[in-house]
Amino acid sequence: EIPYTATALCYCACKMYYLDKKYKEFTEMNLEGALCFVVDRILKTRFLMLYSLKNFSLLFYTELFVEFKKHYIKLNDNFYSFP
C-alpha cells in the first residue's frame, strides 16, 4: 500500500529482468505488474514500487536518492555512510 503521505506520480506496465553476467544476457525475474513512481511529501523521499496486477501485493520497491554521490562518505576502509 502506498503510504498516506505519498503520491504516485506515474504508472507503467513493467516486467523485470536481471543481467546474467555469466551468459551476458538478460533473464526474467518472474516479477511483473504496475510500476509506480512514488513521492512521499513528508519524508521527502522517492520510490519505485512494483505491484502485482493479480492481487495488488507489493512485489518490489527501491528508494531513489538525489545526488547520492555528493553525500556518500567513506568513514573507514570497511564502512561507508550517507545522511
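Author: Val39 stands opposite Arg46 in E3. The model is predicted, so local features need pLDDT of at least 70 and side-chain atom pairs count only at pLDDT 80 or more, while totals for chains, interfaces and linings use all residues. Residues are numbered from 1 along each chain as its sequence is written, and side-chain values use heavy atoms, with hydrogens and water left out.

Reader: What makes E2 and E3 joined strands?

Author: Two strands pair if DSSP finds at least two bridges between them. Strand E2 (residues 25–40) and strand E3 (residues 45–51) are joined by 7 bridges and run antiparallel, so they meet the rule for a pair. Strands of a sheet pair through backbone hydrogen bonds, either parallel or antiparallel.

Reader: Which order do the strands of the sheet have?

Author: The order is E1-E2-E3-E4 in an open sheet of 4 strands, with antiparallel pairing. Strands E1 (6–20) and E4 (58–64) stand at the edges because each has a single partner strand, which leaves one side of each without a neighbour in the sheet. From one strand to the next, the twist averages 30°; axes are lines fitted to C-alpha atoms, and angles run from 0 to 180 degrees between N-to-C directions.

Reader: How many helices and strands are in the chain?

Author: The chain has 1 helix and 6 strands, and its elements run β-β-β-β-α-β-β from the N terminus on. Helices (H or I, at least four residues) and strands (E, at least two) are DSSP runs, numbered from the N terminus.

Reader: Why are Ala6, Ala8, Cys36, Val38, Phe47, Met49 and Tyr51 called a nonpolar core?

Author: A nonpolar core is a set of buried Ala, Val, Leu, Ile, Met, Phe, Trp, Tyr and Cys residues joined through side-chain atoms within 4.5 Å. Buried means under 20% relative accessible area, with exposed over 50% and partly exposed in between (1.4 Å probe, protein chains only). Those 7 residues make up the largest such core. E1, E2 and E3 each supply at least two residues of this core, and E3 gives the most, with 3. A second, separate core of 5 residues includes Cys14, Met16, Leu31 and Leu50.

Reader: Which residues is Cys36 in contact with?

Author: Contact means heavy atoms within 4.5 Å. Leaving aside neighbours within four places in sequence, Cys36 is in contact with Ala8, Cys10, Tyr11, Phe47, Leu48, Met49 and Tyr51.
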